[in-house]
Each structure stands twice: as C-alpha cells, then as structure tokens.
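Here is a walk through one protein model, written for someone new to reading structures. Keep the 3D view open and follow along.

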Amino acid sequence: MENSSQVLRCAKVLSLADSILILTSAGMSADSNIPTFRDKEGYWKNFPPFRSKGLEAQDLANPWAFENELEHAWAFYEWRRRNANENQPHPGYHILNRWVDEVFENAFIHTTNTDGYHLRSGAAADRVKEVHGSMWRLQCTRPCSGDFWDEPAVPLCDLDYDTMKAANFPTCPHCGAVARPHILMFGDAQYIGHPEQEKRFSSFVQNPVDAVLLIGSSGAVPTNDYLAVHFRDQGVPVVNINLDSSANSILRTEFMLEMPGKAALEALDKALSSLKN
Ligand SMILES: [Zn+2]
C-alpha cells in the first residue's frame with residue numbers, strides 16, 4: 001500500500017467533514033510507552049510476583065481483587081499511575097486537540113484508554129468521554145455514594161516493586177473505606193461511571209456525524225470498533241489507523257491507514273492543512 005496516497009485519500013475524507021467523532025484505543029497510547037497488559041507473558045515479565053500466584057491482568061483489574069488481594073490490586077494501579085506519569089502524551093494528542101479546538105466545527109473524543117492522556121494533554125474537558133474511566137480519578141470501593149474525585153498525586157500509595165504489594169491506600173472521604181480507581185474493571189458492578197461525560201457524548205451523537213476516525217483499536221477491546229461499525233452502517237466514512245492490518249477485520253473500511261497512531265496523525269495533519277489552504 002502506497003502510504004502517502006492513502007494518507008491523502010483519508011485526509012480528503014476528513015477535510016469534507018464539519019463534525020467528526022474520534023475514537024481512540026490502546027494503539028494511541030502505545031506510542032507514549034503505555035503498556036496494555038493484553039499479552040500475559042509481557043505482563044508477567046513486568047510483574048514476576050503475579051506469575052507465581054497465577055494472577056493475570058483481568059484478575060487484578062477486578063473489584064474481587066480490591067476485596068481479596070488489595071495489596072496487589074492497588075500495586076497494579078499504582079505502577080500504572082507512575083508509568084503514565086513518567087511518560088508523556090505524544091504530539092498526536094496535541095494534533096487532535098487542535099483539530100477539536102480549531103479545525104473542525106464539531107468534534108468529540110471517545111476513548112477506551114484509562115491513562116487520562118487526552119485530558120492531560122489539554123483536550124477540552126467537555127469534548128472527551130473516557131468510556132472506561134480514568135486512573136486519575138478515584139471512587140469508594142463500597143461505593144457509599146455516587147461520588148468520584150480527581151487524585152493526581154504520584155506517588156499515591158507506597159509500592160514495593162519486589163513483591164508488587166502496595167500500602168497506605170487512599171480512602172473515601174465520606175465513609176473511610178478504601179478508595180479505588182474510577183475505572184471500569186472486569187465484572188465491575190461497582191463502577192460509578194461519569195454521567196457528565198456520558199451526557200455530553202449522547203448529545204454530540206444526536207447530531208449528524210460526517211466522519212469517524214478510529215485509532216489503535218485491536219478488536220480485543222472492541223467498544224470503539226462497534227461504534228465505528230454503527231456509523232459505517234449509516235454511510236459515514238471511517239478512517240482506521242492501525243499498525244496491524246488485521247485490526248480492520250471488524251470494520252473493513254477502505255480508508256485504512258496501516259501506521260502507528262502518532263505518525264499517522266502527523267501525516268494526516270500535514271495533508272489536511274495543505275488541503276485547507
Ligand atoms: Zn465511601
């Protein structure tokens with residue numbers, strides 16, 4: 001595939017849109033060195049103590065773990081908070097923010113990532129839905145109320161890297177129970193959700209969407225793929241950015257860009273500005 005001509009084709013589709021929905025998944029954060037933990041061996045290599053206990057990522061990203069393996073459960077998230085804090089949102093995030101603020105009449109970012117990088121890179125707060133939550137917010141483990149709150153502190157807990165056990169957990173300001181990340185975990189009936197973000201997204205999609213941009217979705221967490229399919233079925237063009245061409249198997253769009261997220265956004269941005277001038 002000739003990448004530069006395909007970039008231009010995709011940029012043309014976007015340049016015709018007034019209203020654009022941007023869907024971001026793990027591949028977007030991968031260029032900022034955020035690991036996904038989908039691969040069991042890669043995950044255990046980072047966390048040897050979990051290998052001997054047979055604890056996989058989905059066992060710890062789980063309300064069960066916050067009841068039964070609290071030290072490990074918080075260690076897993078504390079590690080991820082520190083990792084996300086040591087890394088930076090790459091320039092692709094800033095390109096998207098400029099598109100949202102200046103280039104398109106109406107744009108919205110819907111992300112499955114929990115690293116909070118869209119908001120951390122300065123995305124307009126009323127233009128983002130973090131559908132799986134954010135590691136930079138907390139809620140009560142019980143939960144005793146529908147409240148959640150920002151918690152940017154790093155470090156937040158004590159973390160022993162050798163045992164992957166955390167201590168000094170944050171607590172709920174209302175009832176004193178242990179707090180947990182405001183993240184949708186596996187089998188999670190206690191996740192509070194984010195009614196404001198949900199409301200803003202609902203009102204955005206009530207109006208016509210002219211183009212959809214899907215970035216870095218593998219199909220392993222297909223939330224964004226299904227949204228993209230929903231719009232494709234209504235005749236909306238969908239540009240799919242993914243290093244792996246097999247990631248287009250659900251969507252099967254002709255506007256596939258087989259590139260990493262950051263490089264694709266830089267190339268599209270360049271092509272877009274030449275088209276608009
Ligand atoms: Zn509470």
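## The largest pocket

Which helices each supply at least two residues of the lining of the largest pocket? They are helix 2 (26-30), helix 5 (57-60) and helix 7 (70-86). Helix 7 gives the largest share, with 6 residues. Before you go further, keep in mind that this is a predicted model.

The pocket holds about 810 Å³ of space. It is lined by 34 residues, and those closest to its centre are Thr36, Arg38, Arg80, Phe186 and Val221. Sort the lining by type and you get 17 nonpolar, 11 polar and 6 charged residues. Two domains take part: domain 1 (2-34 + 90-136 + 193-276) and domain 2 (40-86 + 140-183) each put at least three residues into the lining.

Now look for the open sheet of 6 strands, which run in the order 3-2-1-9-10-11 with parallel pairing. At its edges sit strand 3 (128-130) and strand 11 (255-257), each pairing on one side only. On average, neighbouring strands here are turned by 15 degrees against each other, if you ignore direction.

What holds strands side by side in general? Strands of a sheet pair through backbone hydrogen bonds, and the pairing can be parallel or antiparallel. For a close look, pick strand 1 (residues 19-24) and strand 2 (residues 106-111), which pair in the parallel sense over 6 bridges. In one of these, Ile20 has Ala107 in strand 2 as its bridge partner.

The model has 8 salt bridges. One of them joins the side chains of Arg98 and Asp269, with 2.7 Å from N to O. Arg98 belongs to helix 8 (residues 91-103) and Asp269 to helix 12 (residues 261-276), so this pair links distant parts of the chain, 171 residues apart.

Most residues other than glycine have a negative phi, and most peptide bonds are trans. With that in mind, where do you find cis bonds here? One runs from Arg142 to Pro143, with omega near -20 degrees, and Pro143 lies in the loop between strand 4 (133-140) and strand 5 (148-150). Another joins Val154 and Pro155, with omega about -5 degrees. You'll find Pro155 in the loop between strand 5 and strand 6 (158-160).

Asn33 is worth a click too: this residue is not glycine, yet its phi is positive, near 65 degrees. Look for Asn33 in the loop between helix 2 and helix 3 (40-46).

Note on methods
Residues are numbered from 1 along each chain as its sequence is written. This is a predicted model: local features need pLDDT of at least 70, side-chain atom pairs count only at pLDDT 80 or more; totals for chains, interfaces and linings use all residues. Side-chain values use heavy atoms; hydrogens and water are left out. Two strands pair if DSSP finds at least two bridges between them. Helices (H or I, at least four residues) and strands (E, at least two) are DSSP runs, numbered from the N terminus. Axes are lines fitted to C-alpha atoms, for helices over the stretch in contact, and angles run from 0 to 180 degrees between N-to-C directions. On a 1 Å grid over the protein atoms alone, a cavity is a set of points where a 1.4 Å probe fits but cannot get out, and a pocket is an open set with protein on both sides within 12 Å along at least five of seven lines; lining residues have an atom within 4 Å of a point. Grid points are joined across faces, edges and corners, and a volume is the space filled by probe spheres set on the points. Ala, Val, Leu, Ile, Met, Phe, Trp, Tyr, Cys and Pro count as nonpolar, Asp, Glu, Lys and Arg as charged, and the others, Gly among them, as polar. Domain bounds come from an automatic or database domain assignment. A salt bridge is a side-chain nitrogen of Lys or Arg within 4 Å of a carboxyl oxygen of Asp or Glu.
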